[in-house]
Amino acid sequence: MKKFTIAATALALAASTISFAPAANAANVAASAATYGASCAKVGETAAKKGADGSDLTCAKETHGSFKGKTVWTYKTWPVLSAAEIVIPNSLTSGFGGFGKAVADALKAEGLLKSEPVVTPNKQATYALTLDYFNKTLAGKAGKLGVTGFAQASGALTSKSTTMVSSGVPGARMMAEYSAIAVKADSKYKTVAQLMADLDKAPKSMAIVGGNIGGVDNFVAAKIFEDQSILVKAMNYVPTKSTVSGDLLSNANYAFGISGYSEFAPYVKAGTLRVLAVTAPNKLAGVSAPTLKASGVNVVVENWRGIMLPPQTPAKAQALVIRALDVVSKSTSFNTYLTGQTAFGAFLPGAKWKSFLQTTEKGLKGLLTSAGLL
């Protein structure tokens with residue numbers, strides 16, 4: 001069978017990209033290594049070009065947001081946006097919707113807006129249509145922040161969008177999270193090894209419920225099949241029409257489900273679902289389930305989400321948004337959201353975010369082609 005090496009290389013985030021908000025009262029950071037919110041020693045000192053947009057940072061007693069009263073590296077001018085309409089590429093109750101609301105809440109909490117943020121769902125039939133709306137209809141319009149992620153990047157390809165996520169102007173990648181393999185609490189499967197044994201014998205008879213075709217859940221399933229030397233074309237993968245957890249609980253035909261760990265967490269706590277493993281490289285704090293790697297399946301996959309701006313956004317406006325998103329990424333409210341999602345900061349701004357997207361889209365195209373989805 002074909003290996004998805006290019007896709008795996010392009011889509012897995014290196015551990016070095018995962019970041020966390022700097023702790024207050026941490027050791028002082030030199031100008032050469034300055035980042036927004038890091039502690040500093042010499043008030044008035046400049047850290048040249050260390051801002052997320054390439055602007056300077058200065059050592060000062062912060063007068064805004066989560067670091068108020070602390071002596072930290074900060075922007076000389078607080079990056080306040082005139083307005084922010086955060087466009088969600090599906091519903092407000094989706095993972096994208098929750099992420100968009102978390103960004104809106106942090107923008108408001110940190111004093112980064114002159115007006116109330118607006119979170120707008122764009123519930124169209126395909127990600128191709130949502131991208132067409134954002135990249136064409138909203139092109140050149142100010143104050144528009146588009147939520148995006150793995151699912152939209154892959155969905156744009158499978159629905160043959162005329163534009164890609166990378167067609168927009170890059171704001172920043174903001175977060176990453178891990179997927180989980182779950183079964184009903186009364187399932188006969190107690191371990192991944194037991195599940196893999198049956199999957200190897202009769203893959204077509206074992207229905208898997210997950211997110212959209214070509215999305216991160218489908219990708220996780222494909223990587224599992226690849227690792228276990230099971231033909232990907234034998235996969236019985238069913239995209240959910242509601243939620244993976246809901247379908248898994250209500251339909252006895254599903255052998256297991258794949259989704260972000262946070263979706264399954266409340267049901268695990270309630271005792272109705274059991275998580276067999278997570279796709280993280282190492283055991284997750286607060287999660288009893290082992291990793292797939294520790295369970296004998298050499299698969300590590302990270303989902304990601306971020307913010308794009310419409311094409312034709314001026315460079316000056318892009319830079320202002322990048323600075324604001326940098327502040328958001330270090331804020332108390334956004335990091336509280338990440339903790340609740342069992343997710344992690346993965347801040348990557350501007351040109352680096354654009355390059356990541358282009359590489360990801362290339363890898364996804366190779367994966368989807370190999371799987372017969374393009």
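Tutor: Two residues are in contact when heavy atoms of theirs lie within 4.5 Å. The structure above is a predicted model, and the contacts discussed here are computed from it.

Student: Which residues does Ile307 touch, not counting those up to four places away in sequence?

Tutor: Ile307 touches Phe99, Leu145, Gly146, Val147, Pro170, Gly171, Ala172, Met174, Leu325 and Trp353. The residue itself is found in strand S12. Along the chain, Ile307 and Pro170 are 137 residues apart, and yet their C-alpha atoms are separated by 7.1 Å.

Student: How many bridges join S6 to strand S12, and do the two run parallel or antiparallel?

Tutor: S6 and S12 (residues 302-309) run antiparallel and are joined by 4 bridges. Within S12, Met308 is the bridge partner of Gly146. Strand S4 (residues 85-88) also pairs with S6: these two run parallel, with 3 bridges between them. Here Val87 has Gly146 as its bridge partner.

Student: What order do the strands take in the open sheet of 3 strands?

Tutor: The order is S1-S2-S3, with antiparallel pairing. S1 and strand S3 (71-75) are the edge strands, each pairing on one side only. Between S1 and S2 there are 2 bridges, and Ala47 stands opposite Leu57 in S2.

Student: How many disulfides does a search of the whole structure find?

Tutor: A disulfide is a covalent bond between the sulfur atoms of two cysteines. The search finds 1, which joins Cys40 to Cys59 with an S to S distance of 2.1 Å. The pair links distant parts of the chain, 19 residues apart: Cys40 is in the loop between helix H1 (5-11) and strand S1 (46-47), and Cys59 is in strand S2 (residues 57-61).

Student: Why is the disulfide of Cys40 and Cys59 given a handedness?

Tutor: The torsion about its S-S bond is about 95°, so the disulfide is right-handed. Both ends are buried: Cys40 has a relative accessible area of 5%, and Cys59 has one of 1%.

Student: How many residues has the largest nonpolar core, and which have the most contacts inside it?

Tutor: The core has 48 residues, and Ile181, Leu195, Ile224, Met235, Phe256 and Leu292 have the most contacts inside it. Helix H6 (residues 216-227) gives the most to this core, with 7 residues. Leaving aside neighbours within four places in sequence, the contacts of Ile181 include Leu195, Ile224, Phe256 and Leu292. A second, separate core has 46 residues, among them Ala38, Trp78, Val147 and Val321.

Student: How many aromatic pairs are counted?

Tutor: The count comes to 12. In one of them, the rings of Tyr36 and Tyr75 have centres 6.0 Å apart and planes at 15°; planes under 30 degrees apart count as stacked, so this pair is stacked. Tyr36, in the loop between H1 and S1, and Tyr75, in strand S3, are 39 residues apart. Tyr36 is buried at a relative accessible area of 1%, as is Tyr75 at 4%.

Student: Why is the pair of Phe334 and Tyr337 tilted?

Tutor: Their ring planes are at 35° and their centres 5.8 Å apart, so the pair is tilted. Phe334 and Tyr337 both lie in helix H10 (residues 332-340), 3 residues apart, about one turn of the helix. Both are buried.

Student: Which residues form one aromatic cluster?

Tutor: Phe150, Phe219, Trp304, Trp353 and Phe356 do. The charged end of Arg173 sits over the ring of Phe356, 4.7 Å from its centre.

Note on methods
Residues numbered from 1 in each chain as written. Predicted model: local features only at pLDDT ≥ 70, side-chain atom pairs only at ≥ 80, totals over all residues. Heavy atoms only, no water. Disulfide = S-S within 2.5 Å. Buried < 20%, exposed > 50% of the residue type's maximum accessible area, 1.4 Å probe, protein only. Core = buried A, V, L, I, M, F, W, Y, C linked by side-chain atoms within 4.5 Å. Pairing = 2+ DSSP bridges. Phe/Tyr/Trp six-rings, centres within 6.5 Å; stacked < 30°, edge-to-face > 60°. Lys NZ or Arg CZ within 6 Å of the ring centre and 35° of its normal.
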